[in-house]
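Hi,

Here is the structure I promised to pass on.

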Amino acid sequence: MSRCAPGALRLPVKLGLFLLAGQLPGTTQGGALAAAVEAALAAERTGLASAWIAEHHSISYGVCPSAIAFAANLLGRTDRITVGTAVCMLSNRHPVALAEETALLDHLSGGRFGLGVGRGGPWVDLEVFGTGLARYEQGFGESLDLLLASLERGSVGADGEPGGFFRFREVPVVPRPARGPRPPVAVAATSTGTVEQAAARGLPLILGMHATDDEKAALLARYASVAARYGHDPDLAEHMAVAVCHIADSRAGAVGELRATMPAWID
């Protein structure tokens, strides 16, 4: 995404797909997954830059429970396109394990994998996976730092500081990523607090389709302010923004199909 401030560096806009693998009314879960795969393969054939897969649990809004596993499948079936996660829910995962999986795909894909992470939700996930609300509310920054350390260093450990969520001895990181200093990492953000956490670490944002353009502009402005304060050039951040797209024989037909299917799907 290019930034629009006068005189600012403008990065080229790249178009890609954001795949929910949502189970629309009248379809099966397998059909939803197959359709998402076919869309990604079409993106490869038609020259789009990337395909990003969402991760959800226990809801038909998206029936892919592991964005990493889905990305691995796509990377094995494509040759050119960047494949990423949008996102892996960091509040439900151990950051060292996620870093190991990222390094693995970095090697096996020849550098075509991109990692997107987010706080996660809904709340039932925190109950099912046992991580808890405190990890979601207070542990995101700690999880991000441990993830980045695992991708950037030869070994990693956690000393269990007061209020922290991780404590373990120093261990080697195996495998190390193929790319240095690390594969690209982006952060999904819907709140100012998450934007500030990403900006402080110089990580680009993934802005969702639920925010208006004005809301996205406000989040990007806040990002720029915080990133500069921490010594990161905000003009170099390759942010991503998601919008709804549906293809039909006409614009009216596409709008009509979305209005007919999306309320039931989201519900």
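What I call a salt bridge is a side-chain nitrogen of Lys or Arg within 4 Å of a carboxyl oxygen of Asp or Glu. By that rule the count comes to 8 salt bridges.

Before the details, a word on the source. This is a predicted model, where local features need pLDDT of at least 70 and side-chain atom pairs count only at pLDDT 80 or more, while totals for chains, interfaces and linings use all residues. Residues are numbered from 1 along each chain as its sequence is written, and side-chain values use heavy atoms, with hydrogens and water left out.

Two more terms you'll need. Helices (H or I, at least four residues) and strands (E, at least two) are DSSP runs, numbered from the N terminus. Buried means under 20% relative accessible area, exposed over 50%, and partly exposed in between (1.4 Å probe, protein chains only).

Now the pairs. Lysine 14 forms a salt bridge with glutamate 238, with 3.7 Å between the closest N and O atoms. That pair links distant parts of the chain, 224 residues apart: lysine 14 sits in the segment before strand 1 (16-19), and glutamate 238 is in the loop between helix 8 (213-229) and strand 10 (240-241). Lysine 14 counts as exposed because its relative accessibility is 53%, whereas glutamate 238, at 47%, counts as partly exposed.

Next, aspartate 145 and arginine 201 meet through their side chains in a salt bridge (2.7 Å, N to O). Aspartate 145 belongs to helix 6 (residues 140-152) and arginine 201 to the loop between helix 7 (192-200) and strand 9 (205-207), so the pair ties together parts that are 56 residues apart in sequence. Aspartate 145 is partly exposed at 39%, and arginine 201 is partly exposed at 21%.

Then there's arginine 222 with glutamate 196, again a side-chain salt bridge (2.8 Å, N to O). Here arginine 222 in helix 8 is linked to glutamate 196 in helix 7, 26 residues away. Salt bridges that share partners also join Glu55, Arg93 and Glu101 into one network.

Finally, the aspartate: is aspartate 106 buried or exposed? Aspartate 106 is buried, because its relative accessible area is 1%. This residue lies in helix 3 (residues 95-108). Leaving aside neighbours within four places in sequence, aspartate 106 is in contact (heavy atoms within 4.5 Å) with Gly111, Pro177, Ala178, Arg179 and Pro183.

Cheers
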